[in-house]
Amino acid sequence: MAAAIHHHHLLPPRLLSVHPQPPRLRIRRPLPRRAAASGAAAGTSSSTAAAPPPTDAALQEFRRWVSSHGADAGAGAAAPAAVPEGGLGLVAARDLPRGEVLAEVPKKLWLDADAVAASDLGAAVGGGGLRPWVAVALLLLREAARGAGSPWAPYLAILPRQTDSTIFWSEEELLEIQGTQLLSTTMGVKEYVQSEFESVEAEIISENKELFPGTVTFDDFLWAFGILRSRVFAELRGDKLALIPFADLVNHSDDIASKESSWEIKGKGLFGRDVVFSLRTPVNVKSGEQIYIQYDLDKSNAELALDYGFTESNSSRDAYTLTLEISESDPFYDDKLDIAELNGMGETAYFDIVLGESLPPQMLPYLRLLCLGGTDAFLLEALFRNAVWGHLELPVSQDNEEAICQVIRNACKSALGAYHTTIEEDEELLGSENLQPRLQIAVEVRAGEKKVLQQIDDIFKQREEELDGLEYYQERRLKDIGLVGDNGEIIFWES
């Protein structure tokens, strides 16, 4: 079995199962799952913290632009302003009760697929063959090239040139996340964006010089990708991807723990024909205080670092993804795949393991399936097909249980050996003052990953110590047919 421990999901890693040889673990890293809202928030975080705030003149012009289109809901509840954590945020212009509307951004201000189609870029990109994010990224670059002539010029002028997202880190800075899943994920993302850029550069940018009169570089395209990844609200992705000016300035706080959405898309005006993006405050806010929302309670620190350029000192954000895969070289590949599919799984399975939480319930059965072989292979026969998963939910045999412990512990040892610092060294760094933001991100992510790996290793180490006391399939079966008592004694029948 090949095993892979990794973190989140565009490019999956693998844990391969190879029998009858003992399983082995291989580390590989995936790309992250999703993009989310803009902004920022220890307590609060800003996705624009790496960039200096725009000039006062640019900010004033943006405020006028927002107000002229009624995007501030006409009530002046919130105003864009420079905030202490860096970049811009939304600040309460008066005392705001929970649920107060902060913004109602009309559809005409959104940068989305409809805006692409309506622009002079629409004909160049054709009939929608591009990925939505690629099309909107090109629109950002096209409108930036237009300068003051763009209807979005005031908005573009206040966008940061980069964030603290790891996609913008230097090679030296990336050395600080050596060995982490975040590093491989970051490099995978950049390779993916590079591939998309090369395609659109050849097919669209170079073929439409009138739309892109200057040189468009990979760094330009990466900037547009980073803007989308850090500023698009979590549910507005895929075909619905949209940048929402003004609303996307709202920053993040881990003090906001509610999963309730802080926004909605609704109709307004006569017969509700005018579509607006409506943003509300999730809590009471005093005049002059910054307004925050929760970006996504389910994101790990690695995802927060990749998407926005911040982390939280919160153990529930420390996670590691274990990826298990049925190897095509496994002699029982077809049977194992059939069993996995019958139980809602597949050739590859991803298990997010969070610090302080128990293992995902399907992980042990899937592991036992991958390691199944030898004298236990009878469970793969068609006779057991509908019942085998129930058997896999409990220990099958001591050999099988020992194999899953060894494969996971070897994987953890290999993964922990790839880091260039210890947990103790990271904790000491985190206790120091004035840590640079990117170093803080690096240390929190790598420390969190190592803690989860150590937790996984501890779980399977304890399981190894309990192997002799576990009840296995054969013993359970003998009990079921009355040949073994509850205490394991053999029952003899008198004739």
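**Close-up views of the predicted model**

**Figure 1. Lining of the largest cavity.** By class, three nonpolar, two polar and three charged residues line the largest cavity (nonpolar: Ala, Val, Leu, Ile, Met, Phe, Trp, Tyr, Cys and Pro; charged: Asp, Glu, Lys and Arg; polar: the others, Gly among them). The model is predicted, with local features requiring pLDDT of at least 70 and side-chain atom pairs pLDDT 80 or more, whereas totals for chains, interfaces and linings use all residues. Residues are numbered from 1 along each chain as its sequence is written, and side-chain values use heavy atoms, without hydrogens or water. The volume of the largest cavity is about 40 Å³ (a cavity is a set of points, on a 1 Å grid over the protein atoms alone, where a 1.4 Å probe fits but cannot get out, and lining residues have an atom within 4 Å of a point; points are joined across faces, edges and corners, and volume is the space filled by probe spheres set on them). Asn-301, Ala-302, Arg-317, Asp-318, Ala-319, Val-445, Gly-448 and Glu-449 form the lining of the largest cavity. At least two lining residues come from each of helix 9 (301-307) and helix 15 (437-465) (helices are DSSP runs of H or I with at least four residues, strands runs of E with at least two, numbered from the N terminus). Helix 15 contributes the most to the lining of the largest cavity, with three residues.

**Figure 2. Crossing of helix 7 and helix 8.** The axes of helix 7 (residues 181-205) and helix 8 (residues 218-231) come within 10 Å and cross at roughly 115 degrees (axes are lines fitted to C-alpha atoms over the stretch in contact, with angles from 0 to 180 degrees between N-to-C directions). On the helix 7 side, the contact is made by Val-189, Lys-190, Val-193, Gln-194, Glu-196, Phe-197 and Val-200 (contact: heavy atoms within 4.5 Å). Helix 8 contributes Phe-218, Phe-221, Leu-222 and Phe-225. Sorted by class, the contact of helix 7 with helix 8 comprises eight nonpolar, one polar and two charged residues.

Figure 3. Pro-154 is buried at 11% relative accessible area, and Tyr-155 is buried at 0% (buried: under 20%; exposed: over 50%; partly exposed in between; 1.4 Å probe, protein chains only). Leaving aside residues up to four places away in sequence, Pro-154 touches Glu-61, Phe-62 and Trp-65. Pro-154 and Arg-63 lie 91 residues apart in sequence, with 8.5 Å between their C-alpha atoms. A C-alpha separation of 8.0 Å is found between Tyr-155 and Phe-246, which are 91 residues apart along the chain.

**Figure 4. Phe-246 and Val-250 between strand 9 and strand 10.** Val-250 lies in the loop between strand 9 (242-243) and strand 10 (251-253), and Phe-246 is placed in the loop between strand 9 and strand 10. Phe-246 has a phi near 75 degrees, a positive value in a residue other than glycine. Most residues other than glycine have a negative phi. Phe-246 is buried, at 1% relative accessibility, and Val-250 is buried with a relative accessible area of 0%. The C-alpha atoms of Val-250 and Val-91 are 8.8 Å apart, across 159 residues of the chain.

Figure 5. Asn-434 is located in the loop between helix 14 (423-430) and helix 15. Although not a glycine, Asn-434 has a positive phi of about 60 degrees. Asn-434 is exposed, with 73% relative accessibility.

How values were computed
On a 1 Å grid over the protein atoms alone, a cavity is a set of points where a 1.4 Å probe fits but cannot get out, and a pocket is an open set with protein on both sides within 12 Å along at least five of seven lines; lining residues have an atom within 4 Å of a point.
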